[in-house]
Amino acid sequence: MPLFSKSHKNPAEIVKTLKDNLAILEKQDKKTDKASEEVSKSLQAMKEILCGTNDKEPPTEAVAQLAQELYSSGLLVTLIADLQLIDFEGKKDVTQIFNNILRRQIGTRSPTVEYISAHPHILFMLLKGYEAPQIALRCGIMLREYIRHEPLAKIILFSNQFRDFFKYVELSTFDIASDAFATFKDLLTRHKVLVADFLEQNYDTIFEDYEKLLQSENYVTKRQSLKLLGELILDRHNFAIMTKYISKPENLKLMMNLLQDKSPNIQFEAFHVFKVK
């Protein structure tokens with residue numbers, strides 16, 4: 001029995017159809033309606049291979065073929081670049097496809113983690129998604145899935161782009177700022193040994209930026225940042241960071257000011273940091 005019947009395209013055909021129709025969408029001409037429909041169909045077909053259906057498990061051989069096609073065709077990059085052009089349901093499918101292919105393992109290997117480690121611009125494209133309101137939350141979901149894997153979290157932490165988070169958590173759109181903060185917090189709390197090393201190596205730069213969050217005009221940003229600071233310096237892996245932080249008089253002064261904030265919640269979080277001193 002062949003793996004794919006004539007009525008069902010094989011992974012290579014699905015990937016080619018999707019790439020061709022995304023190229024049409026990029027042109028934004030009269031053919032976009034038909035192309036949009038084809039993109040939706042291709043994403044559905046791809047999702048079916050990766051996730052299976054209610055009555056069928058995902059076919060291992062087809063999943064392996066599709067993964068290989070996704071890597072070799074560069075389609076993962078194209079899907080992020082064109083995410084704004086894809087309809088609402090399609091965006092959800094892209095998220096599911098990305099997260100599913102990421103979890104794929106061969107023995108102890110994670111091929112997609114290896115692929116993205118070799119193509120880190122994929123991570124930075126997702127991070128820059130916070131600047132585009134139509135795709136920001138989708139990019140956030142994918143980013144958080146990616147940083148569950150330590151090699152990918154490390155790439156973002158030690159990049160120049162990490163500092164963009166300090167801008168994104170202050171964005172005026174509440175949903176996007178909150179999502180960016182959730183990703184920021186995940187990056188700083190998930191991989192303890194990695195984060196301790198990162199904070200020690202980049203202490204001055206990171207805490208200079210972090211101080212601005214603690215003095216933010218935005219109540220939610222200020223409270224979340226203060227709470228996260230408490231978590232970071234109370235974590236035993238960050239003992240060296242805590243020692244350095246509490247030894248600086250300007251940090252003591254900042255906490256004393258926050259203890260007098262008009263919000264009882266800010267006072268409460270500041271007390272947690274202050275009592276370490």
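Predicted model: local features only at pLDDT ≥ 70, side-chain atom pairs only at ≥ 80, totals over all residues.
The C-alpha trace spans about 70 × 45 × 35 Å along its principal axes. Colour by burial and you'll find that buried residues make up 46% of the 277 residues. Of the contacts with a separation of 6 or more, 68% are between residues 24 or more positions apart.

**Stop 1: helix H6.** Select residues 111-118. Pro111, Thr112, Val113, Tyr115 and Ile116 are buried here. Now bring up what they pack against: helices H3 (60-73), H4 (75-81), H5 (88-103), H7 (121-128), H8 (136-146) and H9 (150-157). Then show the side chain of glutamate 114, which is partly exposed at 38% relative accessible area. Glutamate 114 makes a salt bridge with arginine 109, with the closest N and O atoms 2.9 Å apart. Arginine 109 is partly exposed too, at 39%.

**Stop 2: helix H5.** Pick lysine 92 and glutamate 89, both in H5 and 3 residues apart, about one turn of the helix. Their side chains meet in a salt bridge (3.4 Å, N to O). Lysine 92 is partly exposed at 32% relative accessibility, and glutamate 89 is partly exposed at 43%.

**Stop 3: helix H13.** Jump to residues 203-214. Aspartate 209 and lysine 212 both sit in this helix, again 3 residues apart, and form a salt bridge with the closest N and O atoms at 3.8 Å. Is aspartate 209 buried or exposed? Its relative accessible area is 9%, so it counts as buried. While you have salt bridges on display, select Lys34, Glu37, Glu38 and Lys41, which are joined into one network through shared partners.

Still on H13, switch to a surface view. Asp204, Glu208, Glu211 and Glu250 gather there in a patch of negative charge, and H13 supplies the largest share, 3 residues. Click on glutamate 211 and you're at a partly exposed residue, with 32% relative accessible area. For the chain as a whole, the mean positions of the 37 positive and 37 negative charges are 1 Å apart.

**Stop 4: helix H11.** Finish with aspartate 186, in residues 174-189. Aspartate 186 is buried, at 19% relative accessible area. Leaving aside residues up to four places away in sequence, it touches Arg144 and Ile147.

Methods
Residues numbered from 1 in each chain as written. Heavy atoms only, no water. Patch = residues over 30% accessible without salt bridge, like charges linked within 9 Å, V, L, I, M, F, W, Y side chains within 5 Å. Areas by Shrake-Rupley, 256 points an atom, 1.4 Å probe, with all protein chains shown as cover. Salt bridge = Lys/Arg side-chain N within 4 Å of Asp/Glu carboxyl O. Lys, Arg positive; Asp, Glu negative; His and termini not counted. Charge placed at Lys NZ, Arg CZ, Asp CG, Glu CD. Helix = DSSP H or I, 4+ residues; strand = E, 2+ residues; numbered from the N terminus. Buried < 20%, exposed > 50% of the residue type's maximum accessible area, 1.4 Å probe, protein only. Contact = heavy atoms within 4.5 Å.
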